[in-house]
Amino acid sequence: MASPELIERYGMAIGGEFVGSDADKWMDILNPATGKPWASVPAAEAVDIDRAVAAARRALRDPAWREISPMARAELLHRLAERIKQDAKRLAELETRANGKIIRETAAQMNVIPNWFHYFAGAADKIFGETIPLEKTSVLNYTLREPLGVVAMIVPWNSPLLLATWKLAPALAAGNTVVLKPADTTPITALELVRLMKEVGFPDGVVNVVTGYGPQAGAALVSHPGVAKVSFTGGTETARAIIRGTAQNLARLTLELGGKSPNIVFDDAPLDAAMNGVIAGIFAASGQTCIAGSRLLAHARVHDELVGHLVERAKRIKLGDPLDWETEMGPAATRAQLDKIKQYVELGIDEGAAVAWGGDSPDDPALGGGFYFEPTIFTNVANTSRIAQEEIFGPVLAAVRFATEEDAIATANSVPYGLAAGVWTRDLQRAHRVARALEAGTVWVNTYRAVSPASPFGGYKASGYGRENWHGTIDEYTQVKSVWIELSTATRDPFVMR
Ligand code: NAD
């Protein structure tokens with residue numbers, strides 16, 4: 001245990017104040033590289049959620065937010081983007097300390113987060129209604145696109161501030177107010193963001209951050225009567241609980257869920273690039289990303305050569321302290337996640353798959369105490385086995401052979417998920433054919449793990465519904481009002497529908 005004086009206490013952000021929970025309960029934030037606590041935050045319960053939602057509702061009515069122009073909202077978002085740039089290094093270190101993601105990646109995330117705020121700042125004054133040509137020519141009918149109200153945002157621990165940003169930027173551009181609940185293990189950067197928002201002039205209560213556990217704080221938030229929309233990123237099982245919760249308040253839903261994405265390598269693929277893409281897909285972020293390319297589907301003619309190269313590269317991956325800029329793979333984010341990865345690896349072996357590389361925690365004493373796991377490659381994987389079908393959320397690749405294009409597509413589509421897919425081929429026609437046939441919200445051809453504020457992101461099938469990023473996302477944070485103006489002064493029969 002760290003001595004108590006080394007643990008910094010962070011309040012949650014409600015109505016512009018940083019406060020404890022009503023019951024004064026706290027939870028420790030651990031560093032996954034050491035297993036030791038370094039910060040603590042309040043463990044919110046239903047009564048705290050009531051306070052946060054009330055603050056967001058007050059902010060919604062406050063002229064300081066409700067009556068500012070779209071240009072002024074855009075200006076706040078631009079200012080926030082610039083302010084984040086100034087603190088990017090500090091924020092990256094805080095993120096890494098909480099979730100163990102390597103500093104190279106968290107620094108890259110902090111450097112791109114401002115792009116999301118700039119992009120959606122640009123959208124704030126382009127949220128248009130329409131005039132509707134009716135059959136009743138005496139009526140002027142037009143639509144207003146208005147904010148929904150209080151948006152509840154629930155995000156996971158793997159990319160905490162980036163995934164919160166994907167929701168915050170469009171929701172704020174559209175004029176909503178927010179109660180954000182980060183994962184219980186990684187709330188610090190969201191709290192820091194509220195500090196920066198205060199500094200650049202956002203009114204108090206526009207964004208509130210509650211810290212706490214999912215089944216208490218999260219469940220109370222998503223079913224709260226004051227919440228108009230829930231935007232969730234996380235696991236498919238949690239999504240089912242949230243859908244049940246929103247049966248109470250009928251809140252709208254956006255769900256960004258898990259994946260079991262394939263990297264499909266054809267025999268005409270640029271093999272070096274494909275190898276690099278497969279490594280990026282599964283070992284970047286220690287495989288703890290929703291878009292992990294956790295399945296390698298390799299044409300039989302290139303399978304063995306490709307796996308050979310992958311093993312050679314996996315052997316050289318530098319595991320270590322995520323705060324070290326040389327490190328390529330850090331620890332799993334939590335002990336529970338590490339245990340889950342280990343269980344899946346045992347299961348894979350029981351299912352008859354062969355471990356081509358990895359399969360255990362490293363025995364390097366320098367990594368002792370951390371939640372580390374080796375990059376792991378399974379071959380001989382039956383497509384029906386659980387390691388080929390279920391999301392592991394760790395650095396575990398399941399390699400499956402295929403013989404034909406049809407075979408590859410059928411195997412790729414044979415899982416419940418449909419978040420993303422990679423296709424590696426030099427054949428232009430095949431690239432487009434396969435992209436069309438894949439059941440996935442994103443298809444990357446000859447690249448992998450690329451995202452942009454301008455391009456839609458979201459799932460097919462059990463990977464969720466709704467889309468983030470891209471201008472169309474504004475629709476998910478607004479509602480349409482139809483306004484009818486009778487221009488004639490004539491009176492009509494009161495007993496007939498007009
Ligand atoms: P999780 O579903 O366990 O938790 C996500 C969030 O939901 C956390 O903030 C948690 O506290 C909260 N939560 C848990 N139970 C809740 C409940 N009953 N009501 C309300 N909220 C509740 O997921 P995780 O383990 O934190 O993250 C990993 C999962 O997230 C993986 O499945 C991964 O694929 C998915 N993910 C998806 C995307 C995407 O954009 N599609 C991105 C990253 C992660």
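Reply: The shell around the ligand splits into 16 nonpolar, eight polar and three charged residues, where Ala, Val, Leu, Ile, Met, Phe, Trp, Tyr, Cys and Pro count as nonpolar, Asp, Glu, Lys and Arg as charged, and the others, Gly among them, as polar. Mind that this is a predicted model: local features need pLDDT of at least 70, side-chain atom pairs count only at pLDDT 80 or more, and totals for chains, interfaces and linings use all residues. Residues are numbered from 1 along each chain as its sequence is written, and side-chain values use heavy atoms, with hydrogens and water left out.

Of the 27 residues around the ligand, V155, G235, T238, L257 and E391 come nearest (near means a heavy atom within 4 Å). Domain 1 (4-257 + 463-482) and domain 2 (262-445) each give at least three residues to the shell; these bounds come from an automatic or database domain assignment.

Now the polar contacts, pairs of N or O atoms within 3.5 Å. A polar backbone atom of G235 sits 2.8 Å from a ligand oxygen, and a polar side-chain atom of W157 lies 3.0 Å from an oxygen atom of the ligand. A ligand nitrogen is 3.4 Å from a polar backbone atom of A219. On its own the ligand has 850 Å² of accessible area, and the protein covers 88% of that (Shrake-Rupley method, 1.4 Å probe).

Methods: Polar contact = N/O pair within 3.5 Å; in protein donor to acceptor, adjacent residues only side chain to side chain.
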